[in-house]
Amino acid sequence: MFHYALNSSTIRPVPLLEKIRIAAAAGYAGIELWHDDIESHLKQGGRLHDIVAALHDQDLRVPTTIHLKGWFESAGDEHTANMGACKWKMEQAEAVGATHIVAGPPRHTADRALGAKNYRELLEIGHEIGVKPAMEFLGFVEDINTIEDALQIITAAGHPDGTIVLDPFHIFRGGGSLESITQLGASQIAICHFNDAPAQPPREEQADRDRVYPGDGAVDLPRMITLLKQIGYDGWLSLELFNEELWQQDPLEVARTGLDKMRAVAEA
């Protein structure tokens with residue numbers, strides 16, 4: 001049986017503590033938190049303790065926080081600064097109880113050897129802190145845009161904590177295949193973001209804002225669920241949308257509708 005989480009981007013305009021309340025009220029077991037939300041809370045005088053207390057009060061787990069950037073190809077002083085920023089985010093992630101933190105790829109053609117080396121360094125830092133950086137591929141970037149690309153990085157890094165973030169939108173947008181899921185072991189998947197992609201506009205023109213509720217698009221999500229079960233994955237499915245129309249709607253209703261639609265696909 002899968003566990004269901006709400007990626008807080010789905011109701012982005014809502015303040016952080018309210019997002020936590022809404023996720024619990026809608027029936028989720030977990031919530032993915034974004035570090036820009038955490039930083040905004042801190043800048044407004046809040047404390048990490050407030051977030052931890054809210055999660056505890058609502059009985060919510062945090063499968064991941066999002067995200068680490070600038071780490072993949074940096075070197076020298078820039079690399080030192082970027083890794084310091086990543087370490088701070090990993091410490092925040094650990095403080096709010098996250099098991100993983102999402103590590104995003106560069107947007108341009110990637111130096112994969114350097115990226116694998118730096119990913120191993122991230123994993124070693126995370127191991128000391130108690131949180132695992134998870135390699136994410138993004139369908140709209142030039143290079144690291146498929147399951148195979150992300151798998152190459154974690155394999156080359158050669159660290160036992162290496163994991164991948166799955167996302168049907170990014171598989172579709174990057175031109176990859178759902179069948180590539182069979183190349184993974186269940187323990188290699190940190191989390192599976194869950195959403196759908198419309199048939200139009202054309203795949204190559206789609207952006208995050210084009211994502212739709214699971215089951216409302218063109219991705220063969222039932223096949224994805226079959227493949228996840230086939231490899232023994234029974235972890236998190238997390239509703240991740242960036243739909244500006246949904247941001248204008250009642251966030252509790254959006255969260256509830258998304259959970260219902262995830263369950264309709266995953267438990268069919």
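Pockets, core and a few residues

Q: What volume does the second largest pocket have?
A: In this predicted model, the second largest pocket has a volume of about 170 Å³.

Q: Which residues line the second largest pocket?
A: Its lining consists of H3, R61, V62, P63, G97, T99, H100, I189, A190, Y233, G235 and W236.

Q: And how does that lining split by class?
A: The lining of the second largest pocket has six nonpolar, five polar and one charged residues.

Q: What about the largest pocket, what is its volume?
A: The largest pocket has a volume of about 400 Å³.

Q: How many residues line the largest pocket, and which lie nearest its centre?
A: There are 23 lining residues. H67, G104, P105, R107 and L138 lie nearest the centre of the largest pocket.

Q: How many of the lining residues of the largest pocket are charged?
A: Seven are charged, alongside 10 nonpolar and six polar residues.

Q: Changing topic: which residues touch the most other members in the largest nonpolar core?
A: The core has 89 residues, and L33, W71, L166, M224, L228 and L237 touch the most other members.

Q: Which helix gives the largest share of this core?
A: Helix α10, residues 251-266, gives the largest share of this core with seven residues.

Q: What does L33 touch, not counting residues up to four places away in sequence?
A: L33 touches S8, L16, I20, I38, I51, L55, V62, T64, T65, I66 and V96.

Q: Where is A54?
A: A54 is in helix α3, which covers residues 48-57.

Q: Why does A54 count as buried?
A: A54 has a relative accessible area of 15%, and buried means under 20%, so A54 is buried.

Q: Leaving aside neighbours within four places in sequence, what is A54 in contact with?
A: A54 is in contact with L17 and I20.

Q: How many Å apart in space are A54 and A134?
A: They are 25 Å apart, C-alpha to C-alpha, and 80 residues apart in sequence.

Q: Where does H159 sit?
A: H159 is in the loop between α6 (147-157) and β6 (163-166).

Q: Is H159 buried or exposed?
A: H159 counts as buried because its relative accessibility is 14%.

Q: Which residues is H159 in contact with, leaving aside neighbours within four places in sequence?
A: H159 is in contact with R120, L123, E124 and I154.

Q: Last topic: how many disulfides are in the whole structure?
A: The search finds zero disulfides.

Q: Are C86 and C192 buried or exposed?
A: C86 counts as buried at 2% relative accessibility, and C192 counts as buried at 0%.

Notes: Residues numbered from 1 in each chain as written. Predicted model: local features only at pLDDT ≥ 70, side-chain atom pairs only at ≥ 80, totals over all residues. Heavy atoms only, no water. Disulfide = S-S within 2.5 Å. Buried < 20%, exposed > 50% of the residue type's maximum accessible area, 1.4 Å probe, protein only. 1 Å grid on protein atoms, 1.4 Å probe; cavity = no way out; pocket = protein on both sides within 12 Å on 5 of 7 lines; lining within 4 Å. Points joined across faces, edges and corners; volume = space filled by probe spheres on them. Nonpolar A, V, L, I, M, F, W, Y, C, P; charged D, E, K, R; others polar. Core = buried A, V, L, I, M, F, W, Y, C linked by side-chain atoms within 4.5 Å. Helix = DSSP H or I, 4+ residues; strand = E, 2+ residues; numbered from the N terminus. Contact = heavy atoms within 4.5 Å.
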